[in-house]
Amino acid sequence: MRQPISRILAAALALAALAGPAFAGVVEEKNKAIARKVLEEVLGQGKIEENESIYSPGFVVHNETRDAGREEDRAATRGWRQAFPDLKITVDKIIAEGDLVAVRFFAEGTNTGTGNGIPATGKSIHLSAVSIFRIVDGKVTDEWTAFDSLRLIQQLGLPVPDPR
């Protein structure tokens, strides 16, 4: 006996609705693993070459004053690693919803090198930060990161710039 197309379609839609959240959960867990890799391995361990496999070619980091592309972001990562060769990143909280992953993490290290405009001070830092990543088809397409730059300057004993 042949089933009417509408019944078959309704059954398929019902199955898709049931599988949707489970599939979304799998994708979100994969996205969380990618975000963790960006922070712990690329930034924290200096595995900058990993950038090639996990960032989309059109990647954009959205900074406070302007956006930057993949090459500039890679150079900034190198600069952080130069300024803090022993930089350690510890993920504290990680939440995913759809294609977005939010991560609260701690960065700690000793400023024994020069990088990203920071002179070597020999002082240690301990900062918390938050990054939000957009990850589509297993590739990081966008990033927004916020941290207390004033606290960084204070911990390094550097003069606080005039905000004007």
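1. The protein has four helices and six strands, taken as DSSP runs numbered from the N terminus (helices: H or I, at least four residues; strands: E, at least two). From the N terminus on, these elements run α-α-β-β-α-β-β-β-β-α. The model is predicted: local features need pLDDT of at least 70, side-chain atom pairs count only at pLDDT 80 or more, and totals for chains, interfaces and linings use all residues. Residues are numbered from 1 along each chain as its sequence is written, and side-chain values use heavy atoms, with hydrogens and water left out.

2. Six strands form an open sheet with mixed pairing, in the order β2-β1-β6-β5-β4-β3; two strands pair if DSSP finds at least two bridges between them. Because β2 (67-69) and β3 (88-97) stand at the edges, each with a single partner strand, one side of each is left without a neighbour in the sheet. Within the sheet, β1 (residues 55-62) and β6 (residues 139-147) pair in the parallel sense over four bridges. His62 stands opposite Trp144 in β6.

3. Trp144 also contributes, with Leu100, Val130 and Ile132, to a nonpolar surface patch of about 280 Å². Such patches are made of residues with over 30% relative accessible area and no salt bridge; like charges are joined within 9 Å, and nonpolar side chains (Val, Leu, Ile, Met, Phe, Trp, Tyr) within 5 Å. Areas come from the Shrake-Rupley method with a 1.4 Å probe; for residues, only the protein chains shown count as cover. Leu100 lies in strand β4 (residues 100-110).

4. Buried residues (under 20% relative accessible area; exposed is over 50%, partly exposed in between; 1.4 Å probe, protein chains only) make up 34% of the 164 residues. In α3, those buried are Arg70, Asp73, Arg74, Thr77, Gly79, Arg81 and Ala83.

5. A search of the whole structure finds 11 salt bridges, each a side-chain nitrogen of Lys or Arg within 4 Å of a carboxyl oxygen of Asp or Glu. One of them joins Lys32 and Glu29 (3.1 Å, N to O); being three residues apart in helix α1 (residues 5-43), these two are separated by about one helical turn. Glu29 is partly exposed, at 47% relative accessibility.

6. Glu50 and Lys37 meet in a further salt bridge (3.0 Å, N to O). This pair links distant parts of the chain, 13 residues apart: Glu50 lies in the loop between α1 and α2 (51-54), Lys37 in helix α1.

7. Arg134 and Asp142 also form a salt bridge (3.7 Å, N to O). Arg134 is partly exposed at 28% relative accessibility, whereas Asp142 is buried at 13%.
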